[in-house]
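Please look over the sequence and the model shown here before reading the report.

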Amino acid sequence: MVIFIDESGVHKLTGHSSFAVVYVEVEDLDNLNKRLVEINNSLKIDFFHWSDQRLKIRRKYLRLVNKISFRFKVAIFENPIDTDVAFDRIFQYLIREKNIRSVIIDGKKPKWYEKKLKKELRNHGISVKRLKTIRKEISEPGLQLADALAGLSIYCFENTRNNDYNPLFEKLKKSGKLLVQMIF
């Protein structure tokens, strides 16, 4: 199992932040990446980033990825956010699986940060062979998926009356892809 972690809205001083933890449960990670690249190609985009895409592309992307096999969990935190507390909560309540092959986190972080996260996972009884942070999600299609889910989650949470994305979020729930949504 590979876990991709992306956050949305952590730069804001008000409102909410969303950490979307996407569990990609596929035997062949290369196949998942291939399918996500095919989706990007079909949409005529080089890579998907929530804040860079228009409503029409976001909708199409989310409809297409809903056909891929994955599951995800979302934790929503009130801003301003203490990332230490947030990651502790994520590892305490959301990441519970034992067969994690690697964790890939969006955003290049220093080595001490990666070591701290690994230690936090070990403290919660989870061993991870590989944990890495990546600055550019372009190189990891799974991070693009995590970015889309984080953007969708925070948008739906903050705009409950806007029907632009809520039906797509509901489809993800109905298809069994959303396992947990927690609000802290």
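## Overall make-up

The model is a predicted one, and its protein holds six helices and six strands. Read from the N terminus on, the elements follow the order β-β-α-α-β-α-β-α-β-α-α-β. Of the 184 residues in the protein, 51% are buried.

## Strand S1 and its partner

Strand S1, which covers residues 2–8, has six of its seven residues buried, so this strand is largely enclosed by the rest of the structure. Its pairing is with strand S4 (residues 102–106), to which S1 is joined by four bridges, and the two strands run parallel. Within this pair, Ile5 stands opposite Ile105 in S4.

## The loop residue Gly9

Gly9 lies in the loop between S1 and strand S2 (16–24). Although Gly9 is a loop residue, Gly9 counts as buried, because its relative accessibility is 9% and the cut-off for a buried residue is under 20% relative accessible area. Gly9 can also be related to a residue elsewhere in the chain: Gly9 and Ile81 are 72 residues apart along the chain, and their C-alpha atoms are separated by 9.7 Å.

## Strand S3 and its partner

Strand S3, made of residues 71–78, has six of its eight residues buried, so S3 is largely enclosed by the rest of the structure. Five bridges connect S3 with strand S6 (residues 178–183), and these two strands run parallel. In this pairing, Val74 of the chain stands opposite Gln181, a residue in S6.

## The positive surface patch

Of the contributors, H2 gives the most, with three residues.

Is Arg54 buried or exposed? Arg54 is exposed, because its relative accessible area is 56%, and a residue counts as exposed when that value is over 50%.

Technical notes: Residues numbered from 1 in each chain as written. Predicted model: local features only at pLDDT ≥ 70, side-chain atom pairs only at ≥ 80, totals over all residues. Heavy atoms only, no water. Buried < 20%, exposed > 50% of the residue type's maximum accessible area, 1.4 Å probe, protein only. Pairing = 2+ DSSP bridges.
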